[in-house]
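Subject: Structure handover

Hello,

Here is the structure for you to look over. My notes follow below it.

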Amino acid sequence: MTDLSLEFFPPRDATAEVRLVAAAKELAALAPRYVSVTFGAGGSTREGTLATVRQLQGLGFDVAPHLSCIGATPDSLRGLLQSYRELGVRRLVALRGDMPSGMGPGLSILRHASDLVRFIRDETGNWFHIEVAAYPEMHPQAASPQADLGHFIEKMREGANSAITQYFFNADAYFEFVERARAQGVSAPIVPGIMPITNHNQLVRFSEACGAEVPRWIRLRLASFGDDRASIRDFGQDVVGSLCQRLLDGGAPGLHFYTLNQADAVRGVWSQLHRQ
Ligand code: FAD
C-alpha cells in the first residue's frame, strides 16, 4: 500500500471549517499515515494551526503541525513546542516560512529552516520526528541549484528525519534531486509533494509564487478547457495520476498531497492509482 500523507490548512471561518472536516472525514478512507496542518505566513495562523491540529486529532488522525521560524522569537517557538508536546504530537514540519508581503524578516534569530531544526533538537531532543521542505526545481530565492542542495543537506545534518518536496509536474526533476542528495550522503526519505489540478488560474498563481514549473503543454491544455470544470478535473486527474505512478515506480517512498482542504481531486488521483 502506498505510504500517504495529506496536508490541510486552517480554515478561515465557520463555513470553511465545515468543509475541512467533511474533506478530512472523506479522506480518512485512504488511511493516511499522518496529516499535516500549515502555518500561516509569519506565524499569522498560529492559533488557527493549533485549533486545526486539535480538531484533526479528534477525528483520529496522527497530526503533524507545520512550524515556521521567520519572524518568530525563541520564546514563542518554545511555547508552541510545549503545546504540541502536551497534545501528544510527535511529528513536525519545520520551515523557514515567508513573511507576509511587505514585511522583512525583522530581528529573527532563526533565519533559516536549518536554524529551526537545530533549535527543535536542542529544546526537545528526539521527541519529534522532523520533516523539512525540499525543492527539486530549486527554491525561488536560492542562488543556484548547488547552493540550494547544500542548504537542504544542512537541514538534514541538523537532525531532520525526512523531507517533503515542493510540488512539481516533471518527475525527472524529482529523481535527479534525490540522486544528487543521495550522492551527498542523504539517506532519509524524500517524499514528493503532489498538487492535484482542479483550477487553471489558481494553479498558475500558486506556481508563480512558489517557483514550481507548470509545463507549457499542461498550461495550453488547461487554457483550452476554459470554464469546463469537468474536463479540467478529468485531465488533471490523468496528468497527476500518471505522475504519481511514475514516481512510485521510480522508487518514491510515498506521496504527500496538498489537499487544499478538498477531498474530490485527491480521491480521483488515488482511485486512478489503485485501479487494477
Ligand atoms: P530554508 O530551507 O531556510 O530555505 C529558504 C531559502 O534560503 C532557500 O533559497 C535556501 O537555499 C536558502 N538558505 C537556506 N539556508 C541558508 C543559509 N544558511 N544561508 C543562505 N541561504 C540559505 N510556508 C508557510 O508559511 N507555512 C507552511 O505551513 C508551509 N508549508 C510548506 C510545506 C512544504 C512541504 C513546502 C515545500 C513548503 C512550505 N511552505 C510553507 C513554504 C516555505 O515556507 C517557503 O518555501 C519558504 O520560502 C522556505 O522555507 P524553507 O523551510 O524551505 O526554508
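Contact, in these notes, means heavy atoms within 4.5 Å. By that rule, and not counting residues up to four places away in sequence, isoleucine 120 touches Leu67, Leu81, Leu92, Ala94, Gly125, Phe128 and Ile130. Please keep in mind that this is a predicted model.

**Core**

Isoleucine 120 is among the residues with the most contacts inside the largest nonpolar core. That core has 82 residues. Leu67, Tyr84, Phe152, Phe169, Ile190 and Phe257 are also on the list of those with the most contacts. Which helix gives the most to this core? Helix α9, residues 229-249, does, with seven residues.

Take isoleucine 190 next. This residue lies in strand β7, which spans residues 190-194. Its relative accessible area is 1%, so isoleucine 190 is buried. Residues up to four places away in sequence aside, isoleucine 190 touches Ala134, Phe152, Ala163, Thr165, Tyr174, Phe177, Val178, Ala181, Arg182 and Pro253. Alanine 252 is 62 residues from isoleucine 190 in sequence. In space, the two are 7.4 Å apart, C-alpha to C-alpha.

**Ligand site**

The ligand is surrounded by 23 residues. The closest are Phe39, Asp98, Tyr135, His139 and Asp148. By class, the shell has nine nonpolar, nine polar and five charged residues.

- Histidine 66: a polar side-chain atom lies 2.9 Å from a ligand oxygen atom.
- Glycine 97: a polar backbone atom is 3.2 Å from a ligand oxygen atom.
- Alanine 113: a backbone N or O atom lies 2.8 Å from a ligand oxygen atom.

On its own, the ligand has 970 Å² of accessible area, and the protein covers 84% of that. Two elements give two or more residues to the shell: α5 (145-157) and β6 (162-167). The largest share, four residues, comes from α5.

**Threonine 38**

Threonine 38 is in the loop between β2 (34-37) and α2 (46-58). Is threonine 38 buried or exposed? At 18% relative accessibility, threonine 38 counts as buried, because the cut-off for buried is under 20%. Leaving aside neighbours within four places in sequence, threonine 38 is in contact with Glu7, Phe8, Phe9, Pro10, Thr45, Thr49 and His66. One of these, His66, has a polar side-chain atom 2.9 Å from a ligand oxygen atom.

**Aspartate 115**

Aspartate 115 is found in helix α4, residues 113-124. Its relative accessibility is 14%, so aspartate 115 counts as buried. Not counting residues up to four places away in sequence, aspartate 115 touches Ile109 and Leu110.

**Backbone angles to check**

Most residues other than glycine have a negative phi. Which phi does leucine 260 have? A positive one, of about 55°, although leucine 260 is not a glycine. Asparagine 261 also has a positive phi, of about 60°, and is not a glycine either.

Leucine 260 is placed in the loop between β8 (255-258) and α10 (264-273). Asparagine 261 is found in the loop between β8 and α10 too. Their accessibility reads as follows. Leucine 260 counts as partly exposed, at 22%. Asparagine 261 is buried, with a relative accessible area of 8%.

**Helix α10**

Why is α10 described as largely enclosed by the rest of the structure? Because seven of its 10 residues are buried. The buried residues are Ala265, Val266, Gly268, Val269, Trp270, Gln272 and Leu273. Their cover includes β1 (4-8), α1 (14-27), α9 and β8.

**Arginine 180**

Arginine 180 lies in helix α6, residues 171-183. With a relative accessible area of 25%, arginine 180 is partly exposed. Leaving aside neighbours within four places in sequence, arginine 180 is in contact with Pro145, Gln146 and Leu149. Glycine 268, one of the buried residues of α10, is 88 residues from arginine 180 in sequence. In space, arginine 180 and glycine 268 are 32 Å apart, C-alpha to C-alpha.

Best regards

Definitions and conventions:
Residues numbered from 1 in each chain as written. Predicted model: local features only at pLDDT ≥ 70, side-chain atom pairs only at ≥ 80, totals over all residues. Heavy atoms only, no water. Buried < 20%, exposed > 50% of the residue type's maximum accessible area, 1.4 Å probe, protein only. Core = buried A, V, L, I, M, F, W, Y, C linked by side-chain atoms within 4.5 Å. Near = heavy atom within 4 Å. Polar contact = N/O pair within 3.5 Å; in protein donor to acceptor, adjacent residues only side chain to side chain. Areas by Shrake-Rupley, 256 points an atom, 1.4 Å probe, with all protein chains shown as cover. Nonpolar A, V, L, I, M, F, W, Y, C, P; charged D, E, K, R; others polar.
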